[in-house]
Amino acid sequence: MVIYKEKKILVTGANGFIGSNLLKFLNRKKFLVTGLSNSRSNNGSINSLSLLSRKKINQFFHEHDFDLVIHLGASLEELNSINTFKKNCQTTINLLNACVDTKVKKFIYASSHLVYGLSHYLPIDENHPLNPITNYAVSKLINENFCKLLSQYDMNFTVLRISSVFGIGQKENFVIPRLINSCILGNELVVHQYKNGFQVMDLVHIDDVCSSIELACGSTRKFGVYNISSGKPITSLHIAKYLKDLSNINSIKIKKIKKNTNHFIYDISKAKMELKFKPKIQVSKKILKPWIDN
């Protein structure tokens, strides 16, 4: 990692959940990092600039002379597929063109485990069939292919297929903050039981995601794709039981759903071997307690 300490790093999507945590993480380690976001921020190290403007992006890159780009920025919009692909794919093309034009040496792309679609087998490795079923996931796979295509240039690419992330400050539409919010409000803990059981999930803590990105900065491989997760399965019922013990909730309500769910567990042996990635944080009472107390 020492070789990147004096390099200029750009992080897109810097106001997002992963981006804001990554900026703090890299700043603590004294990296020379600049953030970029399409929304305004009070953080002086984050620049407000739309990736849809190719001219402005090129100018920005020429002014800063970046060595390494970490591309996190993406839209989760699903209602309009054209808008999703414009916001996620056109912006990535603009960014990649600026990287080629200014001779950026390293590009890290934050993809998603959703590119796999429905699980054909468990655990899922990087050779699993790719069949994304949402606009967002399709756009992620398209961008992975852009990276692979441009790896012919003098630039190294690392694609991280990041699993479902958890951590303090995450929006309430995700499973853990949703359950925690129920505890705080004194509502019932409701857990879904599907025809094929409680959903088995492979969640990854935000700190481990940041660590994986730091490790990817040091990779010298021309092109690599890696699953990033804990590698340890857990169900929403297990999470609810932890929260029940930590709160004043007396019971857990099981709501039966008359359809199957998609289980996901990931094989992270490739990331362990090639990136030296070692996830350290699992979902536990110890991790959840500060979240409830916060």
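This note comments on the packing, ring pairs, cysteines and backbone of the structure above.

1. Basis of the model. The structure is a predicted model, in which local features need pLDDT of at least 70 and side-chain atom pairs count only at pLDDT 80 or more, while totals for chains, interfaces and linings use all residues. Residues are numbered from 1 along each chain as its sequence is written, and side-chain values use heavy atoms, with hydrogens and water left out.

2. The largest nonpolar core. A nonpolar core is a set of buried Ala, Val, Leu, Ile, Met, Phe, Trp, Tyr and Cys residues joined through side-chain atoms within 4.5 Å. Buried means under 20% relative accessible area, exposed means over 50%, and partly exposed lies in between, with a 1.4 Å probe and protein chains only. The largest core has 32 residues, and the members that touch the most others are Val11, Leu22, Ile70 and Leu160. At least two residues of this core come from each of strand 1 (8–12), helix 1 (17–28), strand 4 (68–71), strand 5 (106–112), strand 6 (156–162), helix 6 (206–217) and strand 11 (223–228). Helix 6 supplies the largest share, six residues. Helices (H or I, at least four residues) and strands (E, at least two) are DSSP runs, numbered from the N terminus.

3. Leu160 and a second core. Contact means heavy atoms within 4.5 Å. With residues up to four places away in sequence not counted, Leu160 touches several residues, including Ile108, Tyr109, Ala110, Ile213, Ala216, Tyr226, Ile228 and Leu275. There is also a second, separate core of 27 residues, with Leu179, Leu189, Met201 and Leu288 among them.

4. The buried side of helix 7. Which residues of helix 7 (residues 236–246) are buried? They are Ser236, Leu237, Ile239, Ala240 and Leu243. These residues cover an arc of only 155 degrees around the axis, so they lie on the same side of helix 7. The arc is that of the directions from the helix axis to the C-beta atoms. The elements that cover these buried residues include helix 5 (175–185), strand 8 (189–193), strand 9 (200–201), strand 12 (234–235), strand 13 (252–256) and helix 9 (285–293).

5. Aromatic pairs. Rings of Phe, Tyr and Trp (its six-membered ring) pair if their centres lie within 6.5 Å; planes under 30 degrees apart count as stacked, over 60 as edge-to-face and the rest as tilted. The whole structure holds five aromatic pairs. One of these is the edge-to-face pair of Phe61 and Phe66, at 5.4 Å centre to centre with 75 degrees between the planes. Phe61 is buried at 0% relative accessible area, and Phe66 is buried at 2%. The pair of Phe264 and Tyr266 is tilted, because the ring centres are 6.0 Å apart and the planes stand at 40 degrees. Phe264 is buried at 9% relative accessibility, as is Tyr266 at 6%. Ring pairs also link Phe60, Phe61 and Phe66 into a cluster.

6. A charge over a ring. A charge sits over a ring if NZ of Lys or CZ of Arg is within 6 Å of the ring centre and within 35 degrees of the ring normal. Lys270 lies over the face of Tyr226, 5.1 Å from the ring centre.

7. Cysteines. A disulfide is counted as a pair of cysteine sulfur atoms within 2.5 Å. How many disulfides are there by this rule? The count is zero. For Cys99, the nearest cysteine sulfur is that of Cys147, 9.2 Å away; Cys99 is buried at 0% relative accessibility. Cys147 lies in helix 4 (residues 135–150) and is buried, with a relative accessible area of 1%. With residues up to four places away in sequence not counted, Cys147 touches Leu96, Phe107, Tyr109, Phe157, Val159 and Phe223. The C-alpha atoms of Cys147 and Phe223 are separated by 8.3 Å, although the two residues are 76 residues apart along the chain.

8. Backbone points to check. Most residues other than glycine have a negative phi, and most peptide bonds are trans. The peptide bond from Leu122 to Pro123 is cis, with omega near -5 degrees; Pro123 lies in the loop between strand 5 and helix 4. Lys103 has a positive phi near 60 degrees, is placed in the loop between helix 3 (81–101) and strand 5, and is exposed at 62% relative accessibility. Lys276 has a positive phi of about 65 degrees, lies in the loop between helix 8 (269–274) and helix 9, and is exposed at 56%.
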